[in-house]
Amino acid sequence: MMTSVDTDLIRVLGDPLRLRIVTLLATETLCTTHLVAETGARQTNLSNHLRVLREAGVVETEPCGRFTYYRLVPERLEGLSETLADLAATARSTQAEQNRRAC
């Protein structure tokens, strides 16, 4: 069964820096200081991207003293993964049938 594509989530993950942040957070929980060191981005720019990821439900925050740690919400990505897998399966079956619209 094919579901609709979450265009907002694709837009959020379409930014190279945000995708890099998500990739880093897939392996460990990090604070902004760590993310600045890993990405080379300025702290203000990184904070803006983290806000977008937080608002999209891709990351969660955990305060720890004067630092804020970020962790990935895998469930948010699983839905997109399933949708893209459905699209790939549909494309595979359509190509096998040589389904083409006449001009």
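**Figure 1. E38 is partly exposed, with a relative accessible area of 45%.** Buried means under 20% relative accessible area, exposed over 50%, and partly exposed in between (1.4 Å probe, protein chains only). This is a predicted model: local features need pLDDT of at least 70, side-chain atom pairs count only at pLDDT 80 or more, and totals for chains, interfaces and linings use all residues. Residues are numbered from 1 along each chain as its sequence is written, and side-chain values use heavy atoms, leaving out hydrogens and water. The partner of E38 in this view is R20. R20 is also partly exposed, at 35% relative accessible area. The two side chains meet in a salt bridge, 4.0 Å from N to O. R20 sits in helix α2 and E38 in helix α3 (residues 32-39), so the pair ties together parts that are 18 residues apart in sequence. A salt bridge puts a Lys or Arg side-chain nitrogen within 4 Å of an Asp or Glu carboxyl oxygen. Helices (H or I, at least four residues) and strands (E, at least two) are DSSP runs, numbered from the N terminus.

**Figure 2. R71 pairs with E60 and with E62.** A search of the whole structure finds four salt bridges. One of them joins E60 to R71, with the closest N and O atoms 3.2 Å apart. E60 belongs to strand β2 (residues 59-64) and R71 to strand β3 (residues 67-72), so this pair links parts 11 residues apart in sequence. E60 is partly exposed, at 38% relative accessibility. The side chains of E62 and R71 also meet in a salt bridge, at 2.6 Å from N to O. E62 has a relative accessible area of 35%, so E62 counts as partly exposed. R71 is partly exposed too, at 29%. Shared partners join E60, E62 and R71 into one network of salt bridges.

**Figure 3. R18 is buried and has no salt bridge.** R18 lies in helix α2, which spans residues 16-25. The nearest side chain of opposite charge belongs to D15. (Lys and Arg count as positive, Asp and Glu as negative; His and chain ends are not counted.) A polar atom of the R18 side chain lies 2.8 Å from the backbone oxygen of V12. V12 is also one of the residues that R18 touches (heavy atoms within 4.5 Å).

**Figure 4. P63 is exposed in strand β2.** The relative accessibility of P63 is 67%. Strand β2 holds P63. C31 is 32 residues from P63 in sequence. In space, the C-alpha atoms of P63 and C31 are 9.3 Å apart.

**Figure 5. I10 is partly exposed in helix α1.** Helix α1 runs over residues 7-13 and includes I10. The relative accessibility of I10 is 36%, so I10 counts as partly exposed.

Definitions and conventions. Polar contact = N/O pair within 3.5 Å; in protein donor to acceptor, adjacent residues only side chain to side chain. Lists of a residue's contacts leave out its neighbours within four places in sequence.
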